[in-house]
Amino acid sequence: MSVLVFAENWDGKFKKLSFELVSYGTKVAEMLGTSATILSIGNVADEELSKLGNYGAKKILSLKNDALNILDSQAYTAVIAEIALKEEAKVIVISNNNTGKSIAPRLSVRLKAAIGSGVSKLPLSTSPFVVYKRAYSGNAYANLELKSDIKIITLAQNSFDLIETPNQVSIEAAAANVDNSMVKTKVNDVQKQTGKLLLTDAEIVVSGGRGMKSPDNWTPLVELADLLGGATACSRPVSDEGWRPHEEHTGQTGKIVAPNLYIAVGISGATQHLAGVSSSKYIVAINTDKDAPIFEAAQYGIVGDAAKVLPKLIEAVKEAKGR
Amino acid sequence: MKILVCISNVPDTTTKVKFTDNNTKFDSTGVQWVINPWDELALTRALELKDSASTGIQSVTVAHVGPASSEPTIRKALAIGADDAIRINTEPADAYQVAAQLAEVLKNEQFDIILCGIESSDFNGSTVGSMVAEFLGYPSVSAVSGLNIENGNAIITREIDGGKETVSVPSPFIAIVQKGIAKEPRIAAMRGIMQARTKAIKVVEPITIDALSEVTSFEPPQPRAKCIFVDAENPKQLIELLQNQAKVI
C-alpha cells in the first residue's frame with residue numbers, strides 16, 4: 001500500500017505547487033500509516049528532484065520518456081495507472097490545475113477510483129474516506145465520501161501549507177509501457193510568455209474592475225502589483241470590454257484563484273466574481289460605493305476612488321518596503 | 001460532421017445556496033434552473049460552427065443525464081438552436097455514474113466532436129467530460145479556449161501555464177471547453193422557442209451503475225470577519241494591517 005503523488009514540473013523545474021502536492025501526499029500517507037511515492041514525469045535533474053525531499057518525499061520515481069514530452073491525456077493516464085498499480089497505491093494525489101484536470105478523471109475511470117476534485121484540506125477521515133471540496137462555486141463546501149478501493153484526490157492550488165520535513169531521498173528511474181503510437185495529441189503551435197508570474201501561482205493578486213473607468217488608468221494598478229511581487233487580474237466586464245486580456249479574468253467563468261492576498265480595485269463583487277476569488281486568504285476592497293457586496297467578502301476596505309487611493313497606496317508600500 | 005454537447009442542469013448562478021435534510025440536500029425551493037454556463041458556451045460555439053457552411057457541421061445534439069423535471073433546461077438548449085436532444089432518464093449521483101451513462105449511449109451514436117463545459121457550477125468537479133472520453137477510449141483535450149474547423153479538421157486551442165497551444169487530435173474526440181470558446185451565450189428568439197416545442201427529445205433508460213462517491217453533507221463557507229475600514233486618506237494604515245495583522249505582505 002502507498003500514496004502516489006504526481007509532482008508535475010515546468011521545463012524541468014518544480015514550483016510551490018509541486019511542493020504542496022508532496023507535503024499533502026506525505027501527510028495523507030501518514031494518516032493511512034503508509035508512505036508516499038512521488039512520481040516525476042519528464043527530464044528533471046536529480047538535484048531538482050532532491051528538492052522534493054524538503055517536503056517529506058523519501059521515494060521518488062523519475063520517468064523520462066520522450067513520448068511524454070507532449071501532454072496527451074491518454075498517454076499520461078496509461079502511464080500513471082500502470083505505476084499506481086505497480087506501487088499498490090491506495091490514494092493518488094494530483095494537482096487540480098489544467099494538467100491534473102486532463103488526467104485525473106480518465107485515471108478515475110481506468111482504475112475505477114472515486115475522485116475528490118479541488119480538495120482543499122486533508123481528508124476528514126480515512127475510514128470512511130471523506131474529503132472536503134468546494135461546491136456551488138464557493139457558496140458551499142461538500143464532505144464527499146470516496147467509496148472505492150483506490151481514491152484520487154486533486155488538490156486545489158495554494159490551499160495546503162507547505163510542511164518542511166527534510167529527508168534524504170532515493171531516486172529510482174522508472175519505466176512504463178508508452179511510446180509515440182499512444183500519443184494522439186499533435187501540437188502544431190505554442191505561444192508562451194516566459195518570465196511572467198502566472199496568475200494562478202501568484203500569492204498576491206491586484207485586480208481591477210469597471211471602477212478603474214478606463215484601460216488607460218491601469219499603470220498604478222500594475223505598479224502596485226509589481227511592488228508587492230504580485231500578478232494583475234481583472235473582472236469580467238473589463239476583459240469583455242477588451243481593457244485587459246482574457247487570461248486576467250478572475251471569476252466563475254474565468255480563472256479561479258486562491259492567493260494569500262487579493263486586492264479588488266473598483267470591483268463591486270457580483271456573486272460570479274466572488275465565486276472565483278472567495279478562497280483567497282485575505283481580500284482587500286477599494287470601492288467608491290460603501291454598500292458594494294465586495295466589502296462583505298473583504299477583511300479590509302477603503303471607500304474611495306481608485307484613481308485617488310492607488311497612488312497613496314503605492315507611496316505607503318514604498319515607504320513600508322524602504323524604497 | 002455531427003457535434004454533441006453535454007449539458008448539465010444547474011441552479012441559476014445568483015441563487016442563494018441553502019440546504020435541507022440536515023445539510024445533506026440542496027434546497028431547490030424557488031430555484032431557477034439553467035444550462036450550466038460553460039455548457040451553454042460550448043453549445044454556442046457548436047452552433048456558430050454549424051452556421052458557417054464551410055465547417056460542414058450537419059447537426060448539433062445535446063445530451064443530458066437527469067429526470068423529466070430537467071426538460072425545461074433541455075428545451076432551452078433546443079430553443080437556442082440545438083437540433084435534437086437525448087435525455088438519459090436518471091437522477092445524477094456522481095460524476096462517474098453520469099459519465100458512464102453518457103458513454104453507454106454514445107457507444108451506439110456517431111458524433112465526431114463532443115463538447116463538455118469545464119465544470120458544473122454546482123458540483124465543480126471538472127471531471128465528466130474526460131471520464132466519458134476514457135470510457136469510450138476517445139482522445140480528450142482539456143482547457144480548450146478555441147475550436148475551429150479547417151478543411152474538415154478540428155483545430156483546437158488549449159490553455160497551458162503561461163500560454164496557449166494549438167493542437168489536433170483524431171476524431172471522434174472530446175473537448176472540455178472554458179472561457180474564450182465563445183463570447184456571449186446565445187439568447188433564444190421567439191421563433192426558436194416555438195420550434196423547440198416540436199424538436200425531438202429522445203429519452204433513454206439508464207444502465208445500472210453504482211456511483212463511486214457520495215456527498216455526506218454540505219457546509220457553508222467559513223464566515224469571514226467583518227470588514228475593517230481604513231480611511232481613504234490614510235492607506236498607510238492598510239499596509240500596516242497587511243504587514244502586522246494579516247502578515248501577507
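In strand S10 of chain B, Thr157(B) is the bridge partner of Gly146(B). This bridge belongs to a predicted model, in which local features need pLDDT of at least 70 and side-chain atom pairs count only at pLDDT 80 or more, whereas totals for chains, interfaces and linings use all residues. Residues are numbered from 1 along each chain as its sequence is written, and chains are lettered from A and ligands numbered from 1 in the order in which they are written. Strand S9 (residues 140-150) and strand S10 (residues 153-160) of chain B run antiparallel and are joined by six bridges; strands (E, at least two residues) and helices (H or I, at least four) are DSSP runs numbered from the N terminus, and two strands pair if DSSP finds at least two bridges between them.

An open sheet of 10 strands with mixed pairing runs in the order S11(A)-S11(B)-S10(B)-S9(B)-S12(B)-S8(B)-S1(B)-S6(B)-S7(B)-S13(B). At its edges stand S11 of chain A and strand S13 (201-204) of chain B, each with a single partner strand, so one side of each is left without a neighbour in the sheet.

Between the two chains, 75 residues of chain A are in contact with 64 residues of chain B, contact meaning that C-beta atoms, placed from the backbone, lie within 7 Å. Helix H4 (residues 98-110) of chain A gives the most to the side of chain A that touches chain B, with eight residues.
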